[in-house]
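Subject: Handing over the two-chain model

Hi,

Here is the structure I promised to pass on to you. Please have a look at it first, and then read on for what I found in it.

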Amino acid sequence: MTASTGGGTAARRAARQAATAKSAKGKPAATPNPSSRGRRDLDPDALAALEEERDFLLRSLQDLEREYAAGDVDQSDYEELKDDYTARAAAAIRAVDDRSAAVKSLRPQRNWKRTALGLVLVGVVAVGAGWIVFRNAGTRAPGQGLTGDARQDSSNLILQAQGLTGQAQASLQAGDSAKALKQFESAVQTYDEALEISPENVQAMTYRGWVLHTIALNSEASVAAQLDAQARQYLDEAIATDPTFSDARVFRAILERNAGEFAAAQADLDAIDMNAIPVYMTQMVNAVKEDVAAGRRD
Amino acid sequence: MNLALGRAGVTLGLAAAILGAVTVGYGLIRHRPELVRLSRWYAALVFFGGLLAAFAMERALITRDFTLQYVADNGSTKTPALYNFATLWGALEGSIILWALILGGYLVAVVLKFRKRLADPLVGWALFTMLVVCIFFFWLLVGPANPFKSFSPPVGFDGPGPNPLLQNHPLMAFHPPMLYLGYVGFTVPFAFAIAALVTGRVGEGWLLATRRWTLIAWGFLTAGIILGSWWSYEVLGWGGYWAWDPVENASLMPWLTGTAYLHSVLVQERRGMLRVWNISLLCATFALTILGTFITRSGVLESVHAFTTSGIGVSLIIFFALIVLTTVVLIGLRGDRLRSPGRIDSPLSREGAFLANNVLFAAFAFVILLGTIFPLIVEAINDDRVSVGVPYFNRMTMPIGLTLLFLMAIAPVLPWRKASGELLRHRLLWPAWIGVASMVFAVVVGARGFAPVVAFGLGGFAAGSAGRQLVLATRRQGWRGLVGRANGGMIVHLGVVIIAVAFAASSSYVRQAEFTLTQGQSAEFAGHTLVYEGQNVKIEEAKIVNQVLIRIDGTGPWAPSLNKFANGNQTIGTPSVRSTVTDDVALSVIAIKDGENGSVTVRVTVQPLIIWLWIGGGVMALGTLLAVFPGRRRNPIDAVSAPLSVEPPKEPTGATA
């Protein structure tokens, strides 16, 4: 036996309310107004409590049947309890139905136009944000994070730019010149950032110039001339800042050789400290020296 | 010993969680409250299991027990005690132990708090949900993130110690536990949300039961994020505190949805509206904590394809999917009951402002989510490695942030249902003047640029509004006018305003440059004079610290350094920051050249109002603490309008008897 005789008050109260509501039928129906009804009438928790009570009484009826079948309850008790449970369960079921109906009647009609407008708005915002993020996404340099960026120091920025240049060279070799151009531009931008915080950084000046020259090699003649002129400016500035920086001398000598300025190229080549340059550059310098000696442009 | 203790702890936790979930679940389905009440014992066992595992790991770290793989990988005899202790959460497996321990702690706290209602199905289903979450995390400890793997160290073995960046500042010992207390804390309201959906009790009862839990979790998350920013500023040496990197974004997303929930829940409590929205926000907040853990812990940051090779990545993404699926299905099933019978009467009302604030917070979270996962999507589709830079986040979040500041000024003075123009004029007059005065003051002291100047004005406006509420509350209630959700909330608003103004100033007027100086040489930058005085070498057990001594405007010497750690040969810089109430000068060493002149290259970052970020964080924490305490309950017979005059009404002029 699981039901207590003292239970069921909520169900009875709800049933009484429902009965009162029924007795008032015939009068003109008032416009449903949530504020005029008791808050508890619309409270889902109260409805859930009623449902719980209904389930509890129905289970108690099942228990009673089982106990009666097993002979644990005599006939008169069985009938009395069954009537009581049935009445209370019916009251609970009616109360649940009435409350559900009341809540449903008070619920505003769904405005499909507004829903559609809302969905369209959300879609537009989502697509718009997607487009903006696409526009703002750039090539990820080696060592760079997925999103955001801590302000890098100049040496890190130069490393990043060099990584981007390497990626661009790989793209060129793979025949994807559009991608390569984008990567070269990112490298130039990164060198600019380095120069912003360290304006006298000769490495950034030199390699920014060299990247411009590399872009020029893959551009049309008119654009290439402009890019080479800009590259030359950066290399001049780097050498003016630090005349001993060999990399800038090597690159300027190459540009001078290409332009047929062999005397200037020779002066730069002579100023290079061969012990201060990396091995791969030694071969480059030797090749340029041969070209200059032979008066041969690239 | 440590290995055995740890394994025993993890196994105990997992077994108790499984048995607890099965027992509680069976008790709930079969209506056997005596079984549901057993949850208290299972909760205690789960917590004890987590505690034992954490104790075993700490003991292993402190005693340098290199027979544990985790200690061999992350411990070292040279690591100082504090960082050695903090190594528990310095790597993936250890951080899952901390997660499981905190989860067990919250579980026990919920059982204790609701000890008289354990048989209530709402509490029962909430405990069942928490136990299921416990199963997942303890299973991670048994499987893919097992910290108790054995290792056979060769004679004389010493581990590399934690990542040098993790042993460079004491904040490392505090900010991850704070974050985890926040992340894991959201499990409690999530569990009650699921319980409400399962039981159909989607009214306001479960909200009242969990609002303090939500506030506490949110408070910890706030403190964790701010301490994390502080750590980043003090340790990483890039001169900033917020870089929009995936780890930061992962912590900010649940904070944003959690903040939205803290506001919209008031609308449901007062008007019974936004039920679907509130449940969705809570579930989204919890799901985002798991997604954030996936982003930061699965290896997906290195390569989108890497996470499939790490067991934990796959587990976390499946768990995330399960949370989303469960929530969507349950909301779908309860959809009819969740629909509110009421409507917002006027957009110019408290609930209208909260709704607008929620839309903005949701948009904020969406913008960050999109920016964070976009590179992953692109890489997964076509193998292109792209990065979404700071400009995207700044451009997208700046207008949202400014609008939120505006709403923060308006919303507290708005009444429920609707407001008249006259009422608004009356209540907003002083806050508006404070806003205008702030803007004028900012321009006079040299602020330029549309966004920062507007931010200063709106900051003043919002501070005026919050201040007005606090003044009125303290006039009415004395010191109790600072306590309680509404009043504590206003103090939190003041903290947010301080942070917003400091953020606007520091990010808009940052100046950075690099200088190469020889001893005795000075440099002028952004109104400050720097003099390089020389170097100082300190030899410590774990590292050799090469300090560069620099005087800033005659103060100091300040000593940024390069630290060469004994293990790993890594050189890590430690910045030195001179903070004043007006600006910070942060120095980082980039290079120290050997040679006779011993020149050094230092990076100098000057940012205004940085210290106010941390002060604002402190004010937010204080406000949250005050909001957690119960405020003065309104007596049902208290007058809600102005008291009537005690003087007898005067007779109208010319009235005759």
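Let me start with the contact between the chains: 36 residues from chain A and 45 residues from chain B take part in it, where two residues are in contact if their C-beta atoms, placed from the backbone, lie within 7 Å. On the side of chain A that touches chain B, the elements giving two or more residues are helix 2 (44-69), helix 3 (75-106), helix 4 (112-136), strand 1 (137-139) and helix 5 (154-173) of chain A. Helices (H or I, at least four residues) and strands (E, at least two) are DSSP runs, numbered from the N terminus. That side of chain A is made up of 14 nonpolar, twelve polar and ten charged residues; Ala, Val, Leu, Ile, Met, Phe, Trp, Tyr, Cys and Pro count as nonpolar, Asp, Glu, Lys and Arg as charged, and the others, Gly among them, as polar.

A word on the model before the details. It is predicted, so local features need pLDDT of at least 70 and side-chain atom pairs count only at pLDDT 80 or more, while totals for chains, interfaces and linings use all residues. Residues are numbered from 1 along each chain as its sequence is written, and chains are lettered from A and ligands numbered from 1 in the order in which they are written.

The confidence in chain A averages a pLDDT of 81, with 85% of the residues at 70 or above (pLDDT is the predictor's confidence in each residue, from 0 to 100). Within chain A, helix 1 (residues 9-23) has the lowest mean, 52, and helix 7 (residues 202-217) the highest, 92. Two stretches of chain A stay under 50: residues 1-9, with eleven contacts beyond four places in sequence, and residues 22-36, with six such contacts.

Now the strands, which pair if DSSP finds at least two bridges between them. Strand 1 of chain A runs antiparallel to strand 1 (residues 386-388) of chain B, and three bridges join them; A:Ala137 has B:Val388 as its bridge partner. In chain B, strand 3 (residues 522-525) and strand 4 (residues 528-539) are antiparallel and joined by four bridges, with B:Ala523 opposite B:Leu530. Their hairpin has two residues between the strands, and B:Ala526 takes a positive phi near 50° there.

Chain B also has an open sheet of four strands in the order 2-11-10-9, with antiparallel pairing. Its edge strands are strand 2 (511-517) and strand 9 (576-579) of chain B. Strand 9 of chain B pairs with strand 10 (residues 583-592) of chain B over four bridges, and B:Ser579 is the bridge partner of B:Asp584.

Finally, two helix pairs. Helix 11 (residues 246-271) and helix 15 (residues 350-382) of chain B pack at about 160°, their axes 9 Å apart; axes are lines fitted to C-alpha atoms, for helices over the stretch in contact, and angles run from 0 to 180 degrees between N-to-C directions. These two helices of chain B are therefore roughly antiparallel (angles over 145 degrees). Their contact holds 14 nonpolar, eight polar and two charged residues.

In chain A, helix 10 (residues 262-271) and helix 11 (residues 279-294) pack at about 145° with axes 10 Å apart. Here A:Phe262, A:Ala265, A:Gln266 and A:Leu269 of helix 10 meet A:Val285, A:Val288, A:Lys289 and A:Val292 of helix 11.

Best wishes

Technical notes. Parallel < 35°, antiparallel > 145°, perpendicular 65-115°, else oblique.
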